[in-house]
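These are my notebook entries on a structure that was new to me. I set down what I looked up, topic by topic.

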Amino acid sequence: MIITEAKLFLRDPAGPIFAILLPLGLLLGLGSIPSFQEASAEMGGQRAIDTQLPGMMVILSVVTMALTALPAVVVTYRESGVLRRLSTTPAPPVRLLVAQVVNNIGVAVLSTLLLVVLGHVIVGVPLPGSPLAFVGVFLLGTASLLGLGLLIAAVAPSAKSAPGIGSLLMFPLLFVGGMWIPREMLPDLVRRIGDFLPLAPFAQALRDTWAGHAPQPLHLVVMAGTVLVTMTLAIRLFRWE
């Protein structure tokens, strides 16, 4: 079932383009601009390509899959009766959800590997300074966003509304996470609010571990709490038909 879902994902060119090629293209394109390779006082003397830009491209890949692609596919399966029909076969519908989560994680891992390797080789993005911590943060943050995506899938009334709900959440989360304006340049109140939402702690923890620093405990707690809350609610609220 995992292989089948992966094939279906690859058949739709929009999935690979937005989850893999778009973040990679943005990193390589923006990273080649001279101003992004100059140290900035607003970012503590770092260059944008040191941690800010690559970290946000990783986030963009994960959040695109988690909040738009995953809910749309799951709700489509429910709306078309796929989940209901699976419940009458030896293959329980929960396997389909597991396959979706596994494939989303696989896409996120592939995209991140390409960002790290090609970013380092082509535009000089430094490799993560704390690789083990980086991997741990990546997995925890990805789980928190996938949990939010499954919660959207649980409550979305239709397949058409699911990606809309995801996008409605995604863009404010990206803003407070520092996608368009570095978090250091955001107002203190906005930055503080972002610390208690799932995406900003993920983004900051990625930046910290990429720079070789330990992630902040608050950010780890927020991500872990998001996984616990969203997964619990998704399980309780999910409808198979």
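Entry 1: Does Phe-134 count as buried or exposed? I looked it up: at 6% relative accessibility, Phe-134 counts as buried. I took buried as under 20% relative accessible area, exposed as over 50%, and partly exposed as in between, with a 1.4 Å probe and protein chains only.

I noted at once that this is a predicted model, in which local features need pLDDT of at least 70 and side-chain atom pairs count only at pLDDT 80 or more, while totals for chains, interfaces and linings use all residues. Residues are numbered from 1 along each chain as its sequence is written, and side-chain values use heavy atoms, with hydrogens and water left out.

I then searched for aromatic pairs, which require rings of Phe, Tyr or Trp (its six-membered ring) with centres within 6.5 Å; planes under 30 degrees apart count as stacked, over 60 as edge-to-face and the rest as tilted. The count came to two aromatic pairs. Phe-134 belongs to helix α6 (residues 131-155) and Trp-210 to helix α9 (residues 199-210), so the pair ties together parts that are 76 residues apart in sequence. Helices here are DSSP runs (H or I, at least four residues), numbered from the N terminus. Trp-210 is buried, at a relative accessible area of 2%.

The rings of Phe-171 and Trp-180 are stacked, because their centres are 6.4 Å apart and their planes stand at 20°. I found Phe-171 partly exposed at 43% relative accessibility, and Trp-180 exposed at 52%.

**Entry 2: salt bridges.** How many salt bridges does a search of the whole structure find? I recorded four, a salt bridge being a side-chain nitrogen of Lys or Arg within 4 Å of a carboxyl oxygen of Asp or Glu. Arg-183 and Asp-195 form one of them, at 2.6 Å from N to O. Arg-183 lies in the loop between α7 (161-177) and α8 (188-194), and Asp-195 in the loop between α8 and α9, so this bridge ties together parts 12 residues apart in sequence. Asp-195 also meets Arg-192, at 3.6 Å from N to O. I therefore noted Arg-192 as partly exposed at 47% relative accessibility, and Asp-195 as buried at 9%. Arg-183, Arg-192 and Asp-195 are linked in a network of salt bridges.

Glu-184 bridges to Arg-207, with the closest N and O atoms 2.8 Å apart. Glu-184 is in the loop between α7 and α8 and Arg-207 in helix α9, 23 residues apart. Glu-184 is partly exposed at 34% relative accessibility, whereas Arg-207 is buried at 5%.

**Entry 3: helix α3.** I checked the length of α3 (residues 52-79): its 28 residues should span 40 Å, and its end C-alpha atoms are 39 Å apart, which agrees. The expected span is 1.5 Å times one less than the number of residues. Of the 28 residues of α3, 24 are buried, so this helix is largely enclosed by the rest of the structure. Just after α3, I noted that Gly-81 takes a positive phi of about 85°.

Terms used: Helices (H or I, at least four residues) and strands (E, at least two) are DSSP runs, numbered from the N terminus.
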